[in-house]
Amino acid sequence: MAVSLMAAGIFGCQPRGTNQLSRVLGWPEGETPHAPGAFQVQEYARDLVNPRNLYVASNGDVFVAEASNSSREPSANRITLLRDANGDGNPELRVTFLQGLYQPYGMTIAGDKFYVANTDGLYAYPYKLGEASPSGPGVRMLALPAGDDDRSEEHTSELQSRVDL
């Protein structure tokens with residue numbers, strides 16, 4: 001059995017000085033957005049700092065990449081793990097899974113590794129599905145062009161994995 005990892009990146013999408021940020025409004029207490037027909041909206045997590053991307057693992061764990069692209073606001077530069085063990089739609093576990101990252105975006109689990117695509121590279125961390133944190137430090141697998149400073153350009157790198165039998 002072999003594991004394939006595919007990374008796709010978009011670099012330098014917007015010239016400097018044209019970055020327009022959306023205004024986050026949130027939900028008023030006790031209200032949710034309206035959904036069509038048979039759909040239902042329920043709050044799953046609150047107080048995340050600039051959530052950019054989600055990855056849902058095969059066991060239902062939700063990993064949230066939190067980072068800012070703007071020099072006007074602080075960047076969390078972390079991945080938060082949310083776990084709803086009893087399936088009621090409210091995570092019982094919320095922990096900082098990784099911190100000190102560099103604008104994380106793409107995430108995937110392949111074999112015994114948790115992969116993160118940061119602005120400056122692809123990193124692999126030792127990890128077993130269901131753990132609340134990696135079991136060791138990450139290793140840079142691939143360098144990516146990061147620009148002049150930590151938020152000089154728009155960068156996103158998405159990851160996908162598959163098992164080849």
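In the predicted model, Asp-61 and Arg-83 are both buried. The side chains of these two residues meet in a salt bridge, with a distance of 2.7 Å from N to O. Asp-61 lies in the loop between strand 2 (51–56) and strand 3 (62–66), whereas Arg-83 belongs to strand 4 (residues 78–83), so the pair ties together parts that are 22 residues apart in sequence. This contact is one of 4 salt bridges in the structure.

Another of these salt bridges joins Glu-66 to Arg-78, the closest N and O atoms being 3.0 Å apart. Glu-66 is in strand 3 and Arg-78 in strand 4, and the pair links distant parts of the chain, 12 residues apart. Arg-78, at 22% relative accessibility, counts as partly exposed.

A salt bridge is also found between Arg-46 and Glu-43, where the closest N and O atoms are 2.7 Å apart. Arg-46 is partly exposed, with a relative accessible area of 36%. Glu-43 is likewise partly exposed, its relative accessible area being 31%. In general terms, side chains of opposite charge can pair when their charged atoms come close.

Considered as a whole, the chain contains 0 helices and 10 strands. From the N terminus on, the elements therefore run β-β-β-β-β-β-β-β-β-β, each strand being a DSSP run of at least two residues. The chain has 165 residues, of which 34% count as buried. Among the contacts with a separation of 6 or more, 50% are accounted for by residues 24 or more positions apart. The accessible surface of the chain comes to about 10000 Å², and 52% of this surface belongs to carbon and sulfur atoms.

Four strands of the chain form an open sheet in the order 6-7-8-9, with antiparallel pairing. Strand 6 and strand 9 stand at the edges, each with a single partner strand, so one side of each is left without a neighbour in the sheet. On average, and with direction ignored, neighbouring strands of this sheet are turned by 20° against each other.

The pairing within the sheet can be followed strand by strand. Strand 6 (residues 106–110) pairs with strand 7 in the antiparallel sense over 5 bridges, and Gly-106 stands opposite Ala-117 in strand 7. These two strands form a hairpin with 2 residues between them, and Gly-111 in the turn has a positive phi of about 60°. Strand 7 also pairs with strand 8 (residues 121–126), again in the antiparallel sense, over 6 bridges. Here Val-116 has Tyr-123 in strand 8 as its bridge partner. A hairpin with 2 residues between the strands is formed by strand 7 and strand 8 as well. Of the 6 residues of strand 7 (residues 113–118), 5 are buried, so this strand is largely enclosed by the rest of the structure.

The pairing of strand 8 with strand 9 is antiparallel over 4 bridges. Val-139 in strand 9 is the bridge partner of Ala-124. Val-139 also contributes, together with Met-141 and Leu-142, to a nonpolar surface patch of about 280 Å².

Backbone geometry was examined at two loop positions. Most residues other than glycine have a negative phi. Asn-50, however, has a positive phi of about 50° although it is not a glycine. Asn-50 lies in the loop between strand 1 (2–11) and strand 2 and, at 25% relative accessibility, counts as partly exposed. Gln-103, also a residue other than glycine, has a positive phi near 50°. Gln-103 is found in the loop between strand 5 (93–99) and strand 6. At 4% relative accessibility, Gln-103 counts as buried.

Note on methods: Residues are numbered from 1 along each chain as its sequence is written. This is a predicted model: local features need pLDDT of at least 70, side-chain atom pairs count only at pLDDT 80 or more; totals for chains, interfaces and linings use all residues. Side-chain values use heavy atoms; hydrogens and water are left out. Buried means under 20% relative accessible area, exposed over 50%, partly exposed in between (1.4 Å probe, protein chains only). Contact means heavy atoms within 4.5 Å. Accessible areas come from the Shrake-Rupley method with a 1.4 Å probe; for residues, only the protein chains shown count as cover. Patches are made of residues with over 30% relative accessible area and no salt bridge: like charges are joined within 9 Å, nonpolar side chains (Val, Leu, Ile, Met, Phe, Trp, Tyr) within 5 Å. Two strands pair if DSSP finds at least two bridges between them. Axes are lines fitted to C-alpha atoms, for helices over the stretch in contact, and angles run from 0 to 180 degrees between N-to-C directions.
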